[in-house]
Amino acid sequence: MGTRIRIMDLELDLLTQETLQEEVASYLSNEYLNIVHMISLDYIDAYDENKLVKQVLGQADLILPGEKAILSAHHVEVLETGGMVVDYHSLQELIRSLALEEKTYYLVLRNKKEARAMYRYMTEYFPKDNVAGVYVADSGVSDETLINDINTKLPDIIILSMDSTEQEEWLENNKSKLNAKLCFVAGSILPLIMRDNIHVPKWLGKIHLAGAFRWVSKIPYSHSLRKRIFNRKMDDYITKKKSRR
């Protein structure tokens, strides 16, 4: 089962893992594009400040929590124990349950660094041949060329990651032209995925510093720190709301 919860002024879908599996399975059987957003803490300010972001989210099929920190006011540990989708790690379970490794993917990403990291991450879970194409936003390729390439390769799933609000503008302008079944909008959670799956240079492993490198790299995205940032944002939100009365 699923319900909607409000995080400040943003409404999210709170689903069980089983319900998410059912929803995604139905999207992949459709003949039109379905859009699923995964939201991190960093996305909340963009939503609050931009009308286009609100418009695009209002048209989405699902808006899911991409990290636990934004569920801090909703007993996230209890939700997780109850089998609810609380962050992007649920997608890995989705891959296994729906055999998504058999689907084809097109990656639309913000830069070459992100493309390299995401390609490494994807090919850990999928055959390399299933990544149908990779586009980098700073490559200078036109939208028309990108759309033509996507539609020629006919991916089942598009993973979209651009800076806000660039990704919302791109999606609004191009979603009706895309020949795919599902688009995961992941711009705000890609930094989390990259930090959790950091690539350690081989030379650091040789001098036994791989563990330290991973630990230092994850500090800006640690759950405890992100939770404190969320609580400050929530306090500011409550204060502003009271001042408007």
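At 31% relative accessibility, Glu11 counts as partly exposed. That residue is a handy way into this structure, which is a predicted model. The side chain of Glu11 meets that of Arg6 in a salt bridge, with 3.1 Å from N to O. Arg6 is likewise partly exposed, its relative accessible area being 46%.

### Salt bridges

How many salt bridges does the model hold? The count comes to 10.

| Glu11 | Arg6 | 3.1 Å |

Salt bridges with shared partners join Arg4, Arg6, Glu11 and Asp13 into one network. Is Asp13 buried or exposed? With a relative accessible area of 11%, Asp13 is buried, because the limit for that word is under 20%.

Turning to the remaining pair in the table, Lys175 has a relative accessible area of 26% and is partly exposed. Glu172 is partly exposed too, at 25% relative accessibility.

### A positive patch

Some charged residues gather on the surface instead. Which residues make up the patch of positive charge there? They are Lys112, Lys113, Arg116 and Arg120. If you are looking for Lys112 in the viewer, go to helix H6, which covers residues 112–125. Lys112 shows 57% relative accessibility and so counts as exposed, the cut-off being over 50%.

### Two loops with positive phi

Met8 has a phi near 55°, a positive value in a residue other than glycine. You will find Met8 in the loop that links strand E1 (2–7) to strand E2 (10–15). Relative accessibility there is 9%, so Met8 counts as buried.

Leu154 has a phi near 50°, again positive in a residue other than glycine. Where does Leu154 sit? Its place is the loop between helix H7 (143–153) and strand E7 (157–160). Leu154 is partly exposed, with a relative accessible area of 47%.

Helix H3 runs over residues 51–58, and its buried residues are Val53, Val56 and Leu57. Why do these buried residues line one face of H3? Looking down the axis of H3, you would see them fall within an arc of 95°, so they line one face of the helix. Turned away from that buried side is a face of H3 that carries the exposed residues Lys51 and Gly58.

### A contact across the sequence

One last stop is Lys181, in the loop between helix H8 (166–174) and strand E8 (182–185). Lys181 has a relative accessible area of 25%, so the residue is partly exposed. Which distance separates the C-alpha atoms of Lys181 and Asn30? The answer is 6.5 Å, although these two residues are 151 residues apart along the chain.

Terms used:
Residues are numbered from 1 along each chain as its sequence is written. This is a predicted model: local features need pLDDT of at least 70, side-chain atom pairs count only at pLDDT 80 or more; totals for chains, interfaces and linings use all residues. Side-chain values use heavy atoms; hydrogens and water are left out. Patches are made of residues with over 30% relative accessible area and no salt bridge: like charges are joined within 9 Å, nonpolar side chains (Val, Leu, Ile, Met, Phe, Trp, Tyr) within 5 Å. Accessible areas come from the Shrake-Rupley method with a 1.4 Å probe; for residues, only the protein chains shown count as cover. A salt bridge is a side-chain nitrogen of Lys or Arg within 4 Å of a carboxyl oxygen of Asp or Glu. Lys and Arg count as positive and Asp and Glu as negative; His and the chain ends are not counted. The place of a charge is taken as NZ of Lys, CZ of Arg, CG of Asp or CD of Glu. Helices (H or I, at least four residues) and strands (E, at least two) are DSSP runs, numbered from the N terminus. Buried means under 20% relative accessible area, exposed over 50%, partly exposed in between (1.4 Å probe, protein chains only). The arc is that of the directions from the helix axis to the C-beta atoms.
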